[in-house]
Amino acid sequence: MTDLDAFITGLPKAELHLHIEGSLEPELMFALAERNGVSIPFASVEEVRAAYDFSNLQDFLDIYYAGANVLLTRQDFHDLASAYFARAAADGVVHAELMFDPQTHTDRGVPFSEVIEGLLCAMEAARAEHGISSSLILSFLRHLSEEAAFATLAEAEPWLDRIEAVGLDSSEVGHPPEKFARVFAAARDKGLRITAHAGEEGPPEYVHQALDLLGVHRIDHGNRALEDPALIERLVREGMTLTVCPLSNHKLCVVDDLADHPIDAMLAHGLKATVNSDDPAYFGGYVADNYRAIAMARRLDRDALATLARNSFTGSFLPDEIVAEHLDRLDAYLEAHR
Ligand SMILES: Nc1ncnc2[nH]cnc12
Ligand SMILES: [Zn+2]
């Protein structure tokens, strides 16, 4: 391991953009398929990995939803999240905000309770075993209707004290934030925090809508905001965190080459960019792999990496006093690794 590898691995960090369904490794997909008697359209783990060659977001989503079919019981969701937390702990993650897509499961007849209880159980264990704190972001699938999103919010009612935020994901283009303005208003009224994927494939207008119509506290991805100077200025002025996902951006052709990734341009503008893994099992790496890949591709120095880690805490949904404790520990780490 190089010095930079070790520095990145040990750097205390929060992960703010992680779809728990996207952490389903092919080995676990096969094990769950067998445990649950579900057939999957692949003969081997190698064949699954070979299928992970995407030209755009939809290409990926088709495989991601197919993979999620093996998840049926609370034990499955628990095992999925436990595997993620073990990887995250090894990558220096001390806090994780997990997105989950209930509709991917409830539409197949899996009860909401199985999904969330399995995740909550793994989250509790992660605190005890790895010292990782975590929270849940219920993400609505934007290719489905407003009515379906409202029904999902209603289903979540008994667990609202254990859900931190709502999000918006899936096929972006053609499903603008405005489609969900009323659902997000209802979620805000229930005291939930708000985030949304915007500007991954969709135009800057979708980022404007996420700010104006959804009242987001942060933006997931946000790459295409860079096409709109007034929007950049606004995001900087409002201190809006962007949860950027370098390996995802490369795999989904949001950038042609990681060497062209705008992460350092974002920081130079004063945007509060963070680095995250999105769907690590599908995009070839967990959060430290994302830091390493982008550090190499854009020649980021330790100060830039420290800024990205700092932004991960300030952009989290943690209470201010806990954020301050994380920042103190980060500063102590940086002091010890000059
Ligand atoms: N990168 C992504 N964009 C939109 N929806 C997603 N669901 C899982 N990963 C996603
Ligand atoms: Zn995402």
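Phe313 is buried, with 23 other C-beta atoms within 10 Å; a residue is termed buried if 20 or more other C-beta atoms, placed from the backbone, lie within 10 Å of its own, exposed if 12 or fewer, and partly exposed in between. The structure is a predicted model, in which local features need pLDDT of at least 70 and side-chain atom pairs count only at pLDDT 80 or more, whereas totals for chains, interfaces and linings use all residues. Residues are numbered from 1 along each chain as its sequence is written, and chains are lettered from A and ligands numbered from 1 in the order in which they are written.

Phe313 belongs to helix 16 (residues 302-314); helices (H or I, at least four residues) and strands (E, at least two) are DSSP runs, numbered from the N terminus. Apart from residues up to four places away in sequence, Phe313 touches Ala14, Val323, His326, Leu327 and Leu330, a contact being a pair of C-beta atoms, placed from the backbone, within 7 Å. Phe313 and His95 are 218 residues apart in sequence, yet their C-alpha atoms are 8.4 Å apart in space. In strand 2, His95 is the bridge partner of Ala14.

Strand 2 (residues 93-100) is mostly covered, eight of its eight residues being buried. Strand 2 is joined to strand 1 (residues 13-19) by five bridges, and the two run parallel; strands are taken to pair if DSSP finds at least two bridges between them. Six bridges connect strand 2 to strand 3, again in parallel, with Glu97 opposite Ser135 in strand 3. Strands 4 and 5 also run parallel and share two bridges, and Ala165 stands opposite Arg193 in strand 5. Of the six residues of strand 5, five are buried.

In helix 9 (residues 181-189), the buried residues are Val183, Phe184 and Ala187. They cover an arc of only 95 degrees around the axis, which puts them on the same side of helix 9; the arc is that of the directions from the helix axis to the C-beta atoms. An α-helix has 3.6 residues a turn, so residues three or four places apart point the same way. The elements covering the buried residues of helix 9 include strand 3 (133-141), helix 8 (146-155), strand 4 (165-169), strand 5 (193-198) and helix 10 (204-214). Gly191, which follows helix 9, has a positive phi near 85 degrees.

Tyr291, in helix 15 (residues 287-298), counts as buried with 28 C-beta neighbours inside 10 Å. Beyond its neighbours within four places in sequence, Tyr291 is in contact with Ile8, Val275 and Leu305.

Overall, the protein comprises 17 helices and eight strands, and 49% of its 338 residues count as buried. Among contacts between residues at least 6 apart in sequence, 75% join residues at least 24 apart. The C-alpha atoms fill a box of roughly 50 × 45 × 40 Å along the principal axes.

Key
Contact = placed C-beta atoms within 7 Å.
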